[in-house]
Amino acid sequence: MSNNKKLLIIGGTGYLGQHLLQSFSESQKSFDLSIAFTHHSSSPPNLLLQSLPHATPFQVDLQTGQGFDSISHTFGQPDVVVNCAAISIPRACETNPTLAMSVNIPSSLVKWLSSFTESNTLLIHLSTDQVYEGTKSFYKEDNETLPVNVYGKSKVEAEDYIIAKCSNFVILRSSIIFGPQTISPVAKSLPVQWMDSVLGKGQETDFFHDEFRCPVYVKDVVNIIRILTDKWISDGKKMGLLLNVGGPNRLSRVQMAETVAHVRGYNTSLIKPVSTSSIDRGVKSPSDISMDISKLIQTLDFRPMSFQDGVKLTIESMNP
């Protein structure tokens, strides 16, 4: 293997995508890393391009696969592809299941990768805790996947597709990813920042007390992806891994908000616990999809940080 390695991030302008680009661009490695990323809209944000001049953008339509050819010609075959692109808002998937399936199942990406004569690419694919039904606590990777909404179903089909078609992959079932804002701010509301803003204004706010997740700090997800990238580049052993990627804490929205309030010194009486059944979100949501992460810890020797520590770092990033 040559010393110059190539990394391609699918969905590089999204939340995790930008954090990955930033981290890989800043790092000094024993191997040279060329970085490219895909974006869906006509042009990637200027702020991102200015901050990361060495990362090459490519416009790609994941539904049709249009744009992959130009990556082959200009950038070449990547050593590692990280697929963070998805329609990840459950309500949007519910309204347009056909679109959700066509974007979330990475068939055009996988077909493109199989067009190279040698299968020298590791595909790291982001899945979700919403593949689980949500009727018990601490799901393990080999528990049955019984998603309750279209988003979860599209992600289960994506996993099945990758397992069937790829010989070298890692699927990361991620919980809610939280942390600092990106170089070019993303449109969607970030959980900790949102909680901080409503509580900071002294607004009484409803939070669910009966839905549980294991939120994971964004830089932990980035580090897991970096460990996998280094592993493949240094030992070249093909993988076929499926890992739960959550933080160590099983939390309801009420508990998440309480953590933000404690870190900030806000009044916790602003937090009003409500039941998920009291609000119609236009989509069914699993009630407890907390995950057992012992396989992640054993396989990669990596322990994600606690929610409270992640909140502290997120808040610090807001007040430089």
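The count of disulfides comes to 0, a disulfide being a pair of cysteine sulfur atoms within 2.5 Å. Cys-84 is in no disulfide, and the nearest cysteine sulfur, which belongs to Cys-166, is 16 Å away. Another cysteine, Cys-214, counts as buried because its relative accessibility is 0%, where buried stands for under 20% relative accessible area, exposed for over 50% and partly exposed for what lies in between, with a 1.4 Å probe and protein chains only. This is a predicted model, in which local features need pLDDT of at least 70 and side-chain atom pairs count only at pLDDT 80 or more, while totals for chains, interfaces and linings use all residues. Residues are numbered from 1 along each chain as its sequence is written, and side-chain values use heavy atoms, with hydrogens and water left out.

The sheet comes next. It is open and parallel, with 7 strands in the order β3-β2-β1-β4-β5-β6-β10; helices (H or I, at least four residues) and strands (E, at least two) are DSSP runs numbered from the N terminus, and two strands pair if DSSP finds at least two bridges between them. At the edges stand β3 (55–59) and β10 (240–245), each of which pairs on one side only. From one strand to the next the twist averages 20 degrees, with axes taken as lines fitted to C-alpha atoms, for helices over the stretch in contact, and angles running from 0 to 180 degrees between N-to-C directions.

Within this sheet, β4 (residues 80–83) and β5 (residues 122–128) run parallel and are joined by 4 bridges, and Val-82 has Ile-124 of β5 as its bridge partner. On to β6, β5 is joined by 6 bridges, again in parallel, with Ser-127 standing opposite Arg-173 of β6. Strand β6 is largely enclosed by the rest of the structure, because 6 of its 6 residues are buried. In a regular strand the side chains alternate between the two faces of the sheet. In β6, Phe-169, Ile-171 and Arg-173 point one way, whereas Val-170, Leu-172 and Ser-174 point the other way, and all are buried.

Leu-122 lies in β5 and is buried, at 0% relative accessibility. Leaving out residues up to four places away in sequence, Leu-122 touches residues that include Val-80, Val-81, Phe-169, Val-170 and Trp-232, contact meaning heavy atoms within 4.5 Å. Between Leu-122 and Ser-167 there are 8.6 Å in space, C-alpha to C-alpha, although they are 45 residues apart in sequence. Helix α7 (residues 150–165) lies across β5, β6 (169–174) and β10, and runs at about 160 degrees to β5.

How many aromatic pairs are there? The count comes to 7, where rings of Phe, Tyr and Trp (its six-membered ring) pair if their centres lie within 6.5 Å, and planes under 30 degrees apart count as stacked, over 60 as edge-to-face and the rest as tilted. Tyr-132 and Tyr-139 form a stacked pair, 4.6 Å centre to centre with 20 degrees between the planes, and both tyrosines are buried. The charged end of Lys-136 sits over the ring of Tyr-139, 5.0 Å from its centre, a relation that requires NZ of Lys or CZ of Arg within 6 Å of the ring centre and within 35 degrees of the ring normal. Ring pairs also link Phe-68, Trp-112 and Phe-116 into a cluster.

Arg-226 lies over the face of Phe-24, at 5.2 Å from the ring centre. Arg-226 is also in contact with Ser-23, as is Val-222; Ser-23 belongs to helix α1 (residues 15–26) and is buried, with a relative accessible area of 16%.
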